[in-house]
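Here is a short note for someone opening this model for the first time. Please read the points in order, with the structure in view.

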Amino acid sequence: MVCVAIVDTTFSRVDMASEAIKVLRKKVPGLKVKRYTVPGIKDIAVAVKKLFDEGCDAAMTFGWVGPTQTDKYSYLAMSIALQMVQINYGRHVIDVTVHEDEAEPIKLKEIALGRAREHAENLAVILTKGPQGLTPLAGTGQRQGWPDVGPL
Ligand SMILES: Cc1nc2c(=O)[nH]c(=O)nc-2n(C[C@H](O)[C@H](O)[C@H](O)CO)c1C
C-alpha cells in the first residue's frame with residue numbers, strides 16, 4: 001500500500017489539498033492518505049518529516065505565499081527545508097505553491113486548483129509507473145495551473 005503525506009496550511013485561501021486527494025485516490029490503487037494542516041508555510045517541513053517518520057512514501061505540500069518580501073523569504077526558508085527533508089529521506093515532496101502576486105485575485109482559485117490537480121497527476125504517475133513514468137512528457141513545456149508552453 002502506498003502512503004502519501006498531504007500537508008497544507010490555514011494561511012492558504014484555497015483548499016488545494018482536497019482537490020489533489022481526489023485525483024490521487026482515482027489514480028493510485030489502494031492509496032493511503034495522511035493529511036496534516038499547519039498554520040503557515042514555515043510549519044510545513046516538520047509536518048512532512050513527521051509523516052515520513054510514520055511511514056509515508058511521498059508527500060505533497062500546498063503553500064500560499066503572500067505578496068510581501070517577508071512572505072517571499074518565508075517561502076525560501078520553506079523550500080530549503082523541504083529540499084533537506086527530500087534529500088535526507090530519499091522521498092519526493094511535490095511542492096504545490098501559489099504566489100499571491102502571480103495573477104489577479106479572480107484568477108488565483110482556478111490556478112491553485114489546476115496546479116493541485118496537475119501535480120497530483122504527476123505524483124500518481126511516479127508512484128504507479130516509477131522513475132520513467134513521466135519520461136514521455138520530458139521537454140514538452142508542461143506547466144501546472146497555467147497553460148503548457150510546449151517544446152522549442
Ligand atoms: C510572513 C509570513 N508569510 C507567510 C506566507 O506568505 N505564507 C504562509 O503560509 N505563512 C506565512 N507566515 C507564517 C509562517 O509560515 C508560520 O506559520 C508562522 O511563522 C508560525 O510558525 C509568515 C510569518
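Predicted model: local features only at pLDDT ≥ 70, side-chain atom pairs only at ≥ 80, totals over all residues.

1. **A term to start with.** A crossover is right-handed if, with the strands pointing away from the viewer, the path from the first strand over the helix to the second runs clockwise. Strand 1, helix 1 (residues 16–27) and strand 2 form a right-handed β-α-β unit.

2. **Overall layout.** The protein chain holds four helices and four strands. Read from the N terminus, the order of its elements is β-α-β-α-β-α-β-α.

3. **Size and shape.** The protein chain has 152 residues, for which a compact globule would have a radius of gyration near 15 Å. The chain's own value is 15 Å, which agrees. Its C-alpha trace spans about 40 × 40 × 25 Å along the principal axes.

4. Of the 152 residues in the protein chain, 31% are buried. Take the contacts between residues at least 6 apart in sequence: 71% of them join residues at least 24 apart.

5. **Strand 1.** This strand covers residues 3–9. Six of its seven residues are buried, so mark it as mostly covered, given the cut-off of 20 or more other C-beta atoms within 10 Å. Strand 1 runs parallel to strand 2 (residues 32–38), and seven bridges join them. Strand 1 also pairs with strand 3 in the parallel sense, over five bridges.

6. Which residue of strand 2 is the bridge partner of Ile-6? That partner is Arg-35. Asp-8 is worth a look on both sides. In strand 2, Asp-8 stands opposite Thr-37. In strand 3, Asp-8 stands opposite Phe-62.

7. **Strand 4.** Residues 93–99 make up this strand, and six of the seven are buried. Strand 4 is thus described as mostly covered. Strand 3 and strand 4 pair in the parallel sense, with seven bridges.

8. **Helix 2.** Is helix 2 (residues 44–53) largely enclosed or open? Seven of its ten residues are buried, so helix 2 is largely enclosed by the rest of the structure. The buried residues are Ile-44, Ala-45, Ala-47, Val-48, Lys-49, Leu-51 and Phe-52. They pack against strand 1, strand 2, strand 3, helix 3 and strand 4. Just after helix 2 comes Gly-55, with a positive phi of about 110 degrees.

9. **The ligand shell.** There are 14 residues around the ligand. Those that come nearest are Phe-11, Gly-40, Lys-42, Gly-66 and Asp-71. Strand 3 (58–65) and helix 3 (69–89) are the elements that give two or more residues to this shell. By class, the shell has five nonpolar, six polar and three charged residues.

10. **Leu-134.** This residue lies in the segment after helix 4 (105–129). How many other C-beta atoms lie within 10 Å of Leu-134? There are 16, so Leu-134 is partly exposed. Buried would need 20 or more, and exposed 12 or fewer. Leaving aside neighbours within four places in sequence, Leu-134 is in contact with Asn-122, Val-125 and Ile-126. Leu-134 and Asn-122 are twelve residues apart in sequence. In space, their C-alpha atoms are 7.3 Å apart.

11. **Gly-150.** Gly-150 is also found in the segment after helix 4. Why does Gly-150 count as exposed? Because Gly-150 has 9 C-beta neighbours inside 10 Å, and 12 or fewer is the cut-off for exposed. Not counting residues up to four places away in sequence, Gly-150 touches Thr-140 and Gly-141. Gly-150 and Thr-140 are ten residues apart along the chain, and 5.2 Å separates their C-alpha atoms.

Technical notes. Residues numbered from 1 in each chain as written. Near = placed C-beta within 6 Å. Nonpolar A, V, L, I, M, F, W, Y, C, P; charged D, E, K, R; others polar. Rg over C-alpha atoms; globule rule 2.2 N^0.38 Å. Contact = placed C-beta atoms within 7 Å. Pairing = 2+ DSSP bridges.
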